[in-house]
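Welcome, and thanks for taking a look at this model. Please load the chains and keep them in view while you read.

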Amino acid sequence: MTPAQTRAPERAWHKPPFIANPLLRYGVLALLATYLIWAFGSLQFNWERIADGWPRAGRIFGGGFPPSFERFDLLLTGFKESFQIAVLATLFGVMLSIPFAVMAARNIAPLPVYLLGRATIILARSFHPVIVAILFVAAVGFGPLAGILTLTLYSLGFVGKLLAEEIEEIDWGQVEAMKATGAGYFAILVYGIFPQVLPRQVGLSMYQLDSNLRASAVVGIVGAGGIGSTLMNAFGRYDYAFAFAILLVIIAVILVSEGISGWVRKKLW
Amino acid sequence: MVDQALADRVWRRYERKERLIRYGAMLATLTLLVWAVRDIDIFWPWVWDAPNQISSLGARMWPPDPNRLGEIVRAMIETLHIATVATMLTIFIALPLAYIAAQNTTPNRACLWLGRFILVASRSVNTIIWALLFVAIFGPGVLAGILAIIFRSVGFIGKLMGEAIEEIDRRPVEAMEATGGSRLKVVAYAVVPQVMPAFFAIVILRWDINIRESTVLGLVGAGGIGVILQGSIDTFAWPTVATILIAIIVLVLIGETLTGLLRREAI
Amino acid sequence: MLEISNLVKRYGHDEVVLKGLDLTVEDNSVVAIVGASGAGKSTMLRCINRLVEPTSGSIKLNGTELVNLKGRALRRARRKIGMVFQGFNLIDRLTVMENVLAGRLGYVTLFQAISRRYPQPDIERAFVLMERVGIAHYANKRADELSGGERQRVGVVRALMQEPELLLADEPTASLDPRTSEQIMRLLHDLARELSLPVLINIHNVAQARAYTERIVGLRHGRMIFDGKPADFDEKALDAIYGGIEASDDGNQRGVVAGLPAGEP
């Protein structure tokens, strides 16, 4: 390439590693290796039962295929109930999430109120809806009421958190302008804050409706009503063909609902 | 004259057509609501009694019973293992799927639809339902739980990674192709570095979600703390239930702290 | 030597972007390609390394026909053609050194590429080239931490790492400030001389084209309407290429006249 020159010493180059400090790097790798050994060591596998699994799987899928739609009316009732649970839970959850989100926004709530709001929302999100469903079932009995209560709490946690974060990120200038006109607290809320977060709120509500529809299929497994209960019954009776049919319909409904909510959100933007 | 002209002008917030749409939407929502409330299979007197019932359940759970704490802690660790191991294994399956499910990297249309179909199927079936299936096949135990988490997480990670791949800047790809590198080399240099931040964020997020999901797998027999929880509920041992719930909160908080830390460091 | 004959590129049924181009470029020459936006400069350049698929025609590089190559043969041919881009097209999150070594992707194995274990001669060459253009001290800096001019120099080094037989530059200075763009043009001109490389440069800046190249080719509506020395590229030629841009292609353009600009359209 260029004319020959006196041989300079060879210059090596290595890619700079992801973690610069070698101590830290090897430390992390060692930690990872130790953890994996520990984890795999302590998990117990019943290998005989697992080996049984393949023939069992064959029987289940054989029995489950083709899916049976004989009890279609049962399927329909189950779905109708799931849908109702989802609609009501979304409504109550979204309505409740607004005051809690206002409470949990650092920029508009005083500290004690903020802490209370945040704590409520975190608590509402900490538990898997299934656990919450079990507890509500124990409290108010089997049926869709437990499902609605569960998913209302679930919606509160999810929508409340996102709404609070939205409120914390608003353009403060607009609020200042409202304050400058001498508006009271609620007027500021309605004119200065809500217009900034409401469009997102509608999108969030649609997303939550979709999410609740999925979740309502699941809370039914522990008795909180809806298609989940129907599924559990089918599994319990080893009626795998019906169970498969239910699963297919669940997947189809989720897909349709995802499609609709995506379309609606695009329209609203 | 000017005042007259001004007086004739009216300001409305929404145009006529918009107003109709808004009223229509509100009416539709209201109808939906009324139908749901009237048609649902709830005995409404019970609803008014609900707060009462809930608080009485709460009373039965207090004070929390520390007796089985050792067993509970062991089960929590098992839950954590299930979530972590399963998330790690998911990565190996989800990444190739994301690659073929992304429009700009998929080899052909058949692969694209296959990849998308698998990811959608994975996402549409809830973790617990997968767990039910695997418990029926492989019996109760952690294997069912791990498989359930894997089968659900593949769809989550795969879809989001696929979207990340589709959103990359195409220009480095063009440059790498111009050097004469093969497909894999082009991907390694032009695609991978661009999706790295998204990859870490997505995996860390899913790990956090999986910790929560793993707590309930035991309810259908797939290992972890859920097994003890189900047992305690069946025997109405409410104070023990309370202890377990507190333990779950602690686990979730630990998970959130760890993932928050990782997010700050790795991204 | 690059020989293009009757190159045609058509999109769909009606949109013909290149209408039968003929061009021959000797080794050791720097050719500027000028033309209004949409004249087909970028398309022509990308047809050469097949980033765009030509519809018909022939492109020969040192005797090898490029137009119908596929798979491994195409990649082999591409590694002989270096390209410098308007947007630099660097991999922002990787270091300068990795970007530069990426120029060797056509020559190393997959394992070497992924593990970044390039052969020592490649690393030597990388350092030498980086020192030549003045960015060696940035070797381990992330590419997106450099300024525009520095990034384009990385792009140039990357292209040269391929040991190319032809260098293509697609508006390499359009994103740079006037002084930096002069530096880059001077760099391309000097490197072409030092390495005996044929260089094709798409460029808008006619003054720079005159100053740093020895031949100007003018395109308009996919046809070549000027091919000659910079000194001959006068006002008339400028008008023929850029003037009356709103006027549509009415088919009355005359063909290439070596040395003299075509008559008024």
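The notes below go through the chains, their contacts and a few local details.

## About the model

This is a predicted model, in which local features need pLDDT of at least 70 and side-chain atom pairs count only at pLDDT 80 or more, while totals for chains, interfaces and linings use all residues. Residues are numbered from 1 along each chain as its sequence is written, and chains are lettered from A and ligands numbered from 1 in the order in which they are written.

## Chain A

Let us begin with the helical chain. Chain A has 10 helices and zero strands, where helices (H or I, at least four residues) and strands (E, at least two) are DSSP runs numbered from the N terminus. Its radius of gyration is 27 Å, well over the 18 Å that the globule rule gives for 269 residues, so chain A is more spread out than a compact globule. That radius is taken over C-alpha atoms, and the globule rule is 2.2 Å times the number of residues to the power 0.38. Along the principal axes, the C-alpha atoms of chain A fill a box of roughly 90 × 75 × 40 Å.

Of the 269 residues of chain A, 37% count as buried. A residue is buried if 20 or more other C-beta atoms lie within 10 Å of its own, exposed if 12 or fewer, and partly exposed in between, with C-beta atoms placed from the backbone. Helix H9 (residues 227-236) of chain A is largely enclosed by the rest of the structure, because seven of its 10 residues are buried. Among them are Ile227(A), Leu231(A) and Phe235(A). After H9(A) comes Tyr238(A), which has a positive phi, near 55°.

## Where chain B meets its partners

How many residues of chain B are in contact with chain A? There are 41 residues of chain B in contact with 42 residues of chain A; two residues are in contact if their C-beta atoms, placed from the backbone, lie within 7 Å. H3(B) gives the most to the side of chain B that touches chain A, with six residues. By class, this side of chain B, touching chain A, has 28 nonpolar, eight polar and five charged residues. Here Ala, Val, Leu, Ile, Met, Phe, Trp, Tyr, Cys and Pro count as nonpolar, Asp, Glu, Lys and Arg as charged, and the others, Gly among them, as polar.

Turning to chain C, the contact takes 19 residues from chain B and 22 residues from chain C. On the side of chain B that touches chain C, the elements giving two or more residues are helix H8 (170-178) and helix H9 (183-217) of chain B. H9(B) provides the largest share of that side, eight residues. By class, the side of chain B that touches chain C has 10 nonpolar, five polar and four charged residues.

## Chain C as a whole

Chain C has nine helices and 10 strands. Its radius of gyration is 19 Å, which agrees with the value near 18 Å that a compact globule of 265 residues would have. The C-alpha atoms of chain C fill a box of roughly 55 × 40 × 30 Å along the principal axes, and buried residues make up 46% of the 265 residues.

The domain assignment of chain C, which comes from an automatic or database source, gives domain 1 (1-80 + 165-265) and domain 2 (89-163). The centres of these two domains of chain C, taken over C-alpha atoms, are separated by 27 Å. Contacts between them involve 12 residues of domain 1 and 10 residues of domain 2. H7(C) gives the most to the side of domain 1 that touches domain 2, with five residues.

## Close-ups in chain C

Strand S6 (residues 81-84) of chain C is covered on both faces: Ile81(C) and Met83(C) on one side, and Gly82(C) and Val84(C) on the other, are all buried. S6(C) pairs with strand S7 (residues 166-170) of chain C in the parallel sense over four bridges; two strands pair if DSSP finds at least two bridges between them. Within S7(C), Ala169(C) is the bridge partner of Val84(C).

Is Ser181(C) buried or exposed? Ser181(C), in helix H7 (residues 178-195) of chain C, is buried, with 20 other C-beta atoms within 10 Å. Leaving aside neighbours within four places in sequence, Ser181(C) is in contact with Thr173(C), Leu176(C) and Gln208(C).
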